[in-house]
Amino acid sequence: MNVYVESNFVLELALLQEQHLACEEILLLCESGILRLVIPAYCLMEPYETLGRRQADRKQLRLTLDSPFRQIARTALYKERLRDFESAMSLLVDSAEEDMSRLESVRSRLLKCAELAPLGVSVLSRAAANRSRHELSAQDAVVYASILLHLESSAESACFVSRDTDFDDPDIRRELREYNCRLLTGFEAAIQLLRRPSPDE
C-alpha cells in the first residue's frame, strides 16, 4: 500500500507535536517495508521555511525584549526575578536550534525509505487548475497535484494522510477514490488502519 503524506507529517515528527507517536509508527512501518511512503518533494522543503520563519521570529522577539529588560535589571529589586526571563529567552533560541536539528534527522530518515513525488512542470500546471477548482492554497495545490500525478502512474491501493482540513473536501475525497486512494484525516486515526492495511480499505 502507498501512504501519501505531506509537510505536516514531517513537522509533526520534527517538532514532537501531539500526534508524533502515530507518525513515528507510520514511518517505522515504511522503514520496515510493510508500507510504501510517498511524499511530494516540495514537502521536504516547506518545513525548512516554516522553522526558519519561527526561528527568525524568536530571535526578533529576544532582540525586542532585551533592551527593556536590561534596563529593569539595573534595579536590584528586580534582578533576581529576571533570571526566569533569561531562562525563557534561552529556551526560545535553543528550542529553535533543536527543532531544526530534529528536522534534519527526520529528513534523513525519509530520504532513505520514502519515494519522492517530483516537482515538475506537469505538477505546477495541474496545481494551477486544482487551486481554483478545489479552492486550495498555492502550497496545498502543489501537494495535491503531486499526489494525483503519482496516483495516475501507480496501480497500488493507497491512502493520503493529512491533518490539513483543507483537503477534507467531498470533491477531493471522490477524486481520490477514483484512484483507489482513501483520505485519512489525522495520524492517530490512520495508524489504526495502517497497521493491517488491506486492499478493501
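Helices (H or I, at least four residues) and strands (E, at least two) are DSSP runs, numbered from the N terminus. The model toured here is predicted, with local features needing pLDDT of at least 70, side-chain atom pairs counting only at pLDDT 80 or more, and totals for chains, interfaces and linings using all residues. Residues are numbered from 1 along each chain as its sequence is written, and side-chain values use heavy atoms, with hydrogens and water left out.

Select the five strands: they form an open sheet in the order 3-2-1-4-5, with parallel pairing (two strands pair if DSSP finds at least two bridges between them). Strand 3 (115-117) and strand 5 (181-185) are the edges; each has a single partner strand, so one side of each lacks a neighbour in the sheet. From one strand to the next the twist averages 30°. Next, display strand 2 (residues 36-40), which runs parallel to strand 3 and is joined to it by three bridges. Here Pro 40 stands opposite Ala 117 of strand 3.

Angles run from 0 to 180 degrees between N-to-C directions, and axes are lines fitted to C-alpha atoms, for helices over the stretch in contact.

**A helix pair.** Select helix 2 (residues 20-31) and helix 5 (residues 82-113), which pack at an angle of about 35° with axes 10 Å apart. Show the side chains where Glu 24, Leu 27, Leu 28, Cys 30 and Glu 31 of helix 2 meet Arg 109, Leu 110 and Cys 113 of helix 5 (contact means heavy atoms within 4.5 Å). The residues of this contact comprise five nonpolar, no polar and three charged.

**The largest pocket.** Finally, turn to the largest pocket, with about 260 Å³ of space. A pocket is an open set of points on a 1 Å grid over the protein atoms alone, where a 1.4 Å probe fits, with protein on both sides within 12 Å along at least five of seven lines; lining residues have an atom within 4 Å of a point. Select Glu 6, Ser 7, Asn 8, Leu 11 and Asp 164, the closest to its centre of the 14 lining residues. Helix 1 (7-14), helix 3 (46-73) and helix 7 (138-152) each supply at least two residues of the lining.

Definitions and conventions
Grid points are joined across faces, edges and corners, and a volume is the space filled by probe spheres set on the points. Ala, Val, Leu, Ile, Met, Phe, Trp, Tyr, Cys and Pro count as nonpolar, Asp, Glu, Lys and Arg as charged, and the others, Gly among them, as polar.
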